[in-house]
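Please examine the protein shown here together with its ligand. The briefing is arranged by topic for reading beside the structure.

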Amino acid sequence: ALMTGEQYIESIRKMNMEIYMFGEKVENPVDNPILRPSLNSVRMTYDLAQDPQYQDLMVVTSPFTGEKINRFTHIHQSTEDLKNKVKMQRLCGQKTAACFQRCVGMDAFNAEFSTTYEIDKKYGTSYHENFKKFMNYCATNDLTVDGAMTDPKGDRSKAPHAQEDPDMYLRVVERRPDGIVVRGAKAHQTGICNSHEVIVMPTIAMGPDDKDYAVSFAVPVDTEGIFMIIGRQSCDTRKLEGSQMDVGNSEFGGVEALVVFEDVFVPNDRIFMNGEAEFAGMLVERFAGYHRQSYGGCKVGVGDVLIGAAAVAAEYNGVAKASAVKDKLIEMTHLNETLFCCGLACSTEGTATESGAYIINLLLANVCKQNVTRFPYEIVRLAEDIAGGLMVTAPSEKDFRDEKLGKYIDKYFRGVADVTTENRLKILRLIENLSLGTAAVGYRTESMHGAGSPQAQRIMIARQGNLGAKKQLAKAIAHIEE
Ligand code: SF4
Ligand code: FE
């Protein structure tokens with residue numbers, strides 16, 4: 001059954017995850033002030049599913065069990081489903097102004113569903129059944145799943161098996177009758193400490209020598225041998241100061257971690273790939289494709305908040321009517337909606353895989369993500385332009401509340417007379433948060449490198465762009481006969 005937001009929080013509280021931050025074990029991650037905002041972002045995917053207003057986007061009927069499930073645990077059955085996924089992500093981005101983390105599991109679900117089907121067809125294995133059992137378990141219990149792909153990779157010029165340290169890509173270190181033992185790590189794991197389960201996938205296409213590295217499986221995140229080291233975010237410790245104003249977005253955030261798998265046992269029925277190296281590339285390509293589509297939703301929702309914040313700042317500064325400011329807001333909107341167009345386009349042009357599940361158009365999904373590596377940066381640049389320097393030079397809330405200093409801050413940092421200085425500072429702090437504070441991890445650098453760095457999309461665009469056909473078109477028009 002669907003969980004409420006509160007039930008989700010309590011279900012994570014019951015887990016026994018091994019999490020480290022600032023050199024210490026985090027004994028109570030759920031109530032930790034640095035981690036809690038990221039938990040709240042995932043919670044939004046549960047709260048919205050309870051809201052009658054958003055049922056169409058958030059809740060679907062499982063084609064496998066007939067139950068009502070959260071779309072984040074759904075296998076796309078049509079291009080309509082693919083489009084609704086993007087719309088759901090935009091909505092979640094609007095409500096959190098942060099990364100709500102649950103998409104990686106959804107994208108891993110969809111990549112695994114079709115890939116395991118095709119592995120089984122070739123090898124007569126039972127990975128698809130294994131995966132379906134796991135998937136229905138997660139959907140029925142409304143679990144949050146992390147999709148773990150990115151290995152540390154060591155020397156980028158060398159294949160997994162050729163690395164000096166054999167653990168630079170996660171691998172099978174022992175095969176037993178009842179399962180496998182794996183060792184390695186996954187980096188930049190979005191939302192792992194807010195997830196119930198983790199799906200591990202290979203990170204690159206592999207050859208026969210990389211057999212031990214061509215492994216995919218799922219385990220609960222508190223399985224023995226798994227531990228996480230939380231990554232720092234710019235301005236993260238501001239969250240320890242107890243000031244709502246200074247953090248810009250006090251309720252929501254994202255979180256990333258390095259996850260170490262130190263000889264973790266995986267039972268047979270949780271294995272989705274084990275040595276079928278030629279399918280590693282397919283799984284990677286499909287997962288990356290789905291996640292490149294995802295960014296045409298989530299980043300657009302966050303962009304909506306940033307554009308809104310810039311417009312409010314302009315009003316508070318008294319420049320809302322200036323044509324130059326209006327034009328900048330138009331440009332920001334144009335860029336943001338272009339990303340949405342891309343997310344929808346690769347969905348509309350989606351097709352059925354052999355398994356019946358729908359996949360996006362890979363060329364358009366890669367074009368989508370390539371634009372995401374650029375447009376949020378320009379949107380941020382324009383937001384900073386409109387906001388003015390005060391977004392990075394304003395004094396702290398403590399000074400604002402100080403008996404002696406407060407009245408000077410209030411007096412000298414006022415914009416238009418009918419807006420309080422407090423409100424002006426609040427909106428500027430939100431712009432700071434998204435431009436260069438904790439949320440910039442999700443809105444900027446993740447837009448660059450998340451779901452694959454720009455060059456990864458250019459390789460796919462080159463592969464899918466069909467230059468040969470374009471040359472034929474030109475030759476036909478020019479009456480060239482060779
Ligand atoms: Fe979802 Fe976007 Fe976060 Fe990826 S970056 S998990 S698509 S919100
Ligand atoms: Fe991401």
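Predicted model: local features only at pLDDT ≥ 70, side-chain atom pairs only at ≥ 80, totals over all residues.

Residues are numbered from 1 along each chain as its sequence is written, chains are lettered from A and ligands numbered from 1 in the order in which they are written, and side-chain values use heavy atoms, leaving out hydrogens and water.

**Domains**
- The protein is assigned domain 1 (5–282) and domain 2 (285–466), with bounds from an automatic or database domain assignment.
- The centres of the two domains, taken over C-alpha atoms, are 24 Å apart.
- In domain 1, 49 residues are in contact with 48 residues of domain 2 (contact means heavy atoms within 4.5 Å).

**Ligand shell**
- Around ligand 1 lie Cys99, Phe100, Gln101, Cys103, His291, Ser294, Tyr295, Cys298, Lys299 and Glu446, a residue being near when one of its heavy atoms lies within 4 Å.
- Helix H8 (residues 280–317) supplies the largest share of this shell, 5 residues; helices (H or I, at least four residues) and strands (E, at least two) are DSSP runs, numbered from the N terminus.
- Each of domain 1 and domain 2 contributes at least three residues to the shell.

**Helix H5**
- Helix H5 (residues 103–123) spans 30 Å from its first C-alpha to its last, close to the 30 Å expected at 1.5 Å a residue (1.5 Å times one less than its number of residues).
- Of the 21 residues in H5, 17 are buried (buried is under 20% relative accessible area, exposed over 50% and partly exposed in between, with a 1.4 Å probe and protein chains only).
- Gly124 follows H5 and has a positive phi, near 70 degrees.

**Asn70**
- Asn70 is located in strand S4 (residues 68–70).
- Asn70 counts as buried because its relative accessible area is 0%.
- The Asn70 side chain reaches the backbone oxygen of Thr45 at 3.0 Å.
- Beyond its neighbours within four places in sequence, Asn70 contacts residues including Leu2, Met58 and Asp142.

**Glu278**
- Glu278 sits in the loop between strand S12 (271–274) and H8.
- Glu278 is classed as partly exposed because its relative accessibility is 40%.
- Leaving out residues up to four places away in sequence, Glu278 touches Lys122, Tyr123 and Met206.

Methods: Polar contact = N/O pair within 3.5 Å; in protein donor to acceptor, adjacent residues only side chain to side chain.
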